[in-house]
Amino acid sequence: QVQLVESGGGLVQPGGSLRLSCAASGSISVFNYMGWFRQAPGKQRELVAGITSSGSTYYGESVKGRFTTSRDNAKNTVHLQMNSLKPEDTAVYYCYVPWAGSDYWGKGTLVTVSS
């Protein structure tokens, strides 16, 4: 079993920054892929960013140039640095790991961007 715990969410003003973290535990394996999704009320869950064990990254079009994801393979931890935040970034952000035929999700951390 894999447990994912997100942290770092909160309230921030437009133009501000937040740094999210996701710590994975319950497995000694280094995950090939770790990603971030988000879901706002009334909207579909969307991919925000992903990163492989080799450091290759992917970003959703709406966050390119503003968000950066990184990882620590030794700790199986991923981070999401969010800059120039906009109100439309408001959502619950989830950490995601596909592993051994299963999809693992964190409980989510709420990010609210508002004046």
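I began with a term: a residue is called buried when its relative accessible area is under 20%. The model I consulted is a predicted one.

**Entry 1: Y96.** I looked up the accessibility of Y96 and read a relative accessible area of 13%. Y96 is therefore buried.

**Entry 2: aromatic pairs.** I searched the whole structure for aromatic pairs and found six. I then examined F37 and W105, whose ring centres are 5.1 Å apart. Their planes meet at 70°, so I recorded this pair as edge-to-face.

**Entry 3: position in the sequence.** I asked which strands hold F37 and W105. F37 belongs to strand β4 (residues 33-39), and W105 belongs to strand β10 (residues 102-105). The pair therefore ties together parts that are 68 residues apart in sequence.

**Entry 4: accessibility of the two partners.**

**Entry 5: the cluster.** I followed the ring pairs and found that they link Y33, F37, Y94, Y96 and W105 into a cluster.

**Entry 6: R45.** I looked for a charge over these rings and came to R45. R45 lies over the face of Y94, at 4.1 Å from the ring centre. R45 also lies over the face of W105, where the distance to the ring centre is 4.5 Å.

How values were computed: Residues numbered from 1 in each chain as written. Predicted model: local features only at pLDDT ≥ 70, side-chain atom pairs only at ≥ 80, totals over all residues. Heavy atoms only, no water. Phe/Tyr/Trp six-rings, centres within 6.5 Å; stacked < 30°, edge-to-face > 60°. Helix = DSSP H or I, 4+ residues; strand = E, 2+ residues; numbered from the N terminus. Buried < 20%, exposed > 50% of the residue type's maximum accessible area, 1.4 Å probe, protein only. Lys NZ or Arg CZ within 6 Å of the ring centre and 35° of its normal.
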